[in-house]
Amino acid sequence: MPMVLLECDKDIPERQRHIFLKTPEDDVRECLPIANVPTIPGSLSERGCAFCGAKLVIGGVLKDTIQMIHGPVGCAYDTWHTKRYPSDNGHFPLKYVWSTDMKEQHIVFGGEKRLEQSIHEAFDEMPDVKRMIVYTTCPTALIGDDVKAVVKKVMKERPDVDIFTVECPGFSGVSQSKGHHVLNIGWINEKVGTAEKEITSEYTINFIGDYNIQGDTFLLQKYWDRLGIQVISHFTGNGTYDDLRCMHQAKLNVVNCARSAGYIANELKKRHGIPRLDIDTWGFNYMAEGIRKVCAFFGIEERGEELIADEYAKWKPQLDWYKERLLGKKMAIWTGGPRLWHWTKSVEDDMGIEVVAMSSKFGHEEDFEKVVARGREGTYYIDDANELEFFEIIDLVKPDVIFTGPRVGELVKKLHIPYINGHAYHNGPYMGFEGFVNMARDIYNATHNPLAYLAGQDIRDPTPLVMPERLREVA
Amino acid sequence: MNNVLDDQLDELYGYIEERCLWQFFSRSWDRQENIDGVLDQAARLLNGKGPARETPMDNLFYADAKILVADLRERFPWLEDAGEEEIRQLCDGLKGRLVDVVITRSKNRELNHHLY
Ligand code: SF4
């Protein structure tokens, strides 16, 4: 019975193939939740659209690139500001959003003129910015606007600008995942190898699949600097358009998010012979392992050991303070996909936390292979969970804290269960050694805050619940 | 294969299953390449031989194998007493088991797609 049909799914029994319970009796290799397939009608999915996967996750992070969204204003608004990726040039990606603001007349008569005008307007308004990504959306793809032709025309008229086109309307895939794929493959086909940068170290990497959430990239950059490693490009945390054109110059691709960016790492291996090294950057144990591997690749092991020793000396006592207080806490992770397998063992090993339920919006079966291999027995593994399933799973596993996005977060708050933003973090960065202490602190604050408990009290209740000792201590 | 070797294989496999991302690359040929590459380097290291370091891919497999071998030695002290032949059997056994689980019997329907 490892594939589970929940009570709430009795009218959509197809959902059983998406929900797995790991038990000691079953051979886990015989079952794998099916993933990256269309959402079943009747299931209230939490997924985003394919365009969102390209723009919000990857392209929109770049710090020097106008993100021209060719569509109604809502496509732009929905993919702006919901993820916190700062930049070291005044937070360019967070400050600005661009849209061609399509209206009915443009849908009826075509939007190409509108697009051309908008591109010129954006470059004129921001004369220092010379790079742009243009995205199609559902409406502009449906009416058949020839975006590439417009872009070609503008680039001819403005020889100093470079524009990349992402043709990935919302409907083109089953989830955000399609957008990751289209952007990755488009970029390697059209842009990698079109620029060269100065090489300043014999040790060069691309750091792939890190989006500088609340400064993750800044934190990891300190490690690379100290190790003497030149990062040719960040795909795409605090990254620049032109650095990404130079990806072919690196000696090693270090991959964190294999889901959103594994494609480009695979292609760089295939086309340019650059090896792909996958690492985990969340957690002490994992981060140390990642640094050791990168250093072993280049033969600079001693530098790595010094860095790890210093970071452990500085941050490990703080982590241990939290670990003592978090031991045995139960956590659910309901995020995109990779964070399930990045986090399940690292919070267990480094913080003593048990992960009791995990749900992925856009993970593929590869992600489930990884997370089932790493995760605990007695834990639920769910693909594309819906709201009713979340409620039922909460009753089954009774988590103390849930890592998820703000939408589901609002739901669980109403059940007086603390939620932490699993996509954009509460008080990050969370990567690296210092980052994992931040994450532990957020979990401690969430699970020891008496507010959720107090909010659950009805003051008219003649027999109020007694506040648990743990909360009274900190109240 | 005798029982002792079987148990030892279970222990080593259990560690790799939970820990190593290289076994779960996107396509079956990537997985095969990694399994062979990392375990060949691991066998050399476990036998006290120098690793192959001719090509970028050698260096990659060395990086993964070096950390793997250090972890295995720490967790499974019996590895210190294993002779060359035993190490060869263990690494061959591990390769076979990994290929069986993450390639042959894997339920991942994307493994053999010809494109990334
Ligand atoms: S689904 Fe289509 S219309 Fe909706 S936000 Fe995505 S691209 Fe825009």
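Modeller: First, a term. A residue counts as buried when its relative accessible area is under 20%. One more point: this model is predicted.

Biologist: How do you know that H18(A) is mostly covered?

Modeller: Count its residues. Of the 17 residues in H18(A), 14 are buried.

Biologist: What makes the length of helix H18 of chain A agree with expectation?

Modeller: H18 runs over residues 432–448 of chain A, and at 1.5 Å a residue it should span 24 Å. The expected span takes one less than the number of residues. The C-alpha atoms at its ends lie 24 Å apart, so the two values agree.

Biologist: Now the rings. How many aromatic pairs does the structure hold over all chains?

Modeller: There are 23.

Biologist: Why is the pair of Tyr96(A) and Trp98(A) called tilted?

Modeller: Start with distance. The ring centres are 6.1 Å apart, and the limit for a pair is 6.5 Å. Then take the angle. Stacked needs under 30 degrees and edge-to-face over 60. The planes here stand at 35°, so the pair is tilted.

Biologist: What makes the pair of Trp321(A) and Tyr444(A) edge-to-face?

Modeller: Their planes make an angle of 65°, and the cut-off is over 60 degrees. The centres are 5.4 Å apart. This pair also links distant parts of the chain: Trp321(A) belongs to helix H13 (residues 301–326), Tyr444(A) to helix H18, and 123 residues separate them.

Biologist: Are Trp321(A) and Tyr444(A) buried or partly exposed?

Modeller: Trp321(A) has a relative accessible area of 38%, so it is partly exposed. For Tyr444(A) the value is 14%, so that residue is buried.

Biologist: How do you know that the charged end of Arg325(A) sits over the ring of Trp321(A)?

Modeller: The charged end lies 3.6 Å from the ring centre. The distance limit is 6 Å, and the charge must also be within 35 degrees of the ring normal. Lys370(A) does likewise over the ring of Trp341(A), at 4.0 Å from its centre.

Biologist: What makes the phi of Asn212(A) worth a remark?

Modeller: Most residues other than glycine have a negative phi. Asn212(A) is not a glycine, yet its phi is positive, about 55°. It sits in the loop between strand E6 and helix H9 of chain A. With a relative accessible area of 0%, Asn212(A) is buried. Asn238(A) has a positive phi too, of about 50°.

Biologist: Why is the peptide bond from Gly428(A) to Pro429(A) called cis?

Modeller: Its omega is near 0°. Most peptide bonds are trans. Pro429(A) lies in the loop between strand E14 and H18 of chain A. The bond from Phe235(A) to Thr236(A) is cis as well.

Biologist: Last, the two chains. How do you know that Lys269(A) and Asp30(B) form a salt bridge?

Modeller: Their closest N and O atoms are 3.1 Å apart. The limit is 4 Å, so the pair passes. Between chain B and chain A the count is 9 salt bridges. In contact there are 31 residues of chain B and 43 residues of chain A.

How values were computed: Residues numbered from 1 in each chain as written. Chains lettered and ligands numbered in written order. Predicted model: local features only at pLDDT ≥ 70, side-chain atom pairs only at ≥ 80, totals over all residues. Heavy atoms only, no water. Helix = DSSP H or I, 4+ residues; strand = E, 2+ residues; numbered from the N terminus. Buried < 20%, exposed > 50% of the residue type's maximum accessible area, 1.4 Å probe, protein only. Phe/Tyr/Trp six-rings, centres within 6.5 Å; stacked < 30°, edge-to-face > 60°. Contact = heavy atoms within 4.5 Å. Salt bridge = Lys/Arg side-chain N within 4 Å of Asp/Glu carboxyl O.
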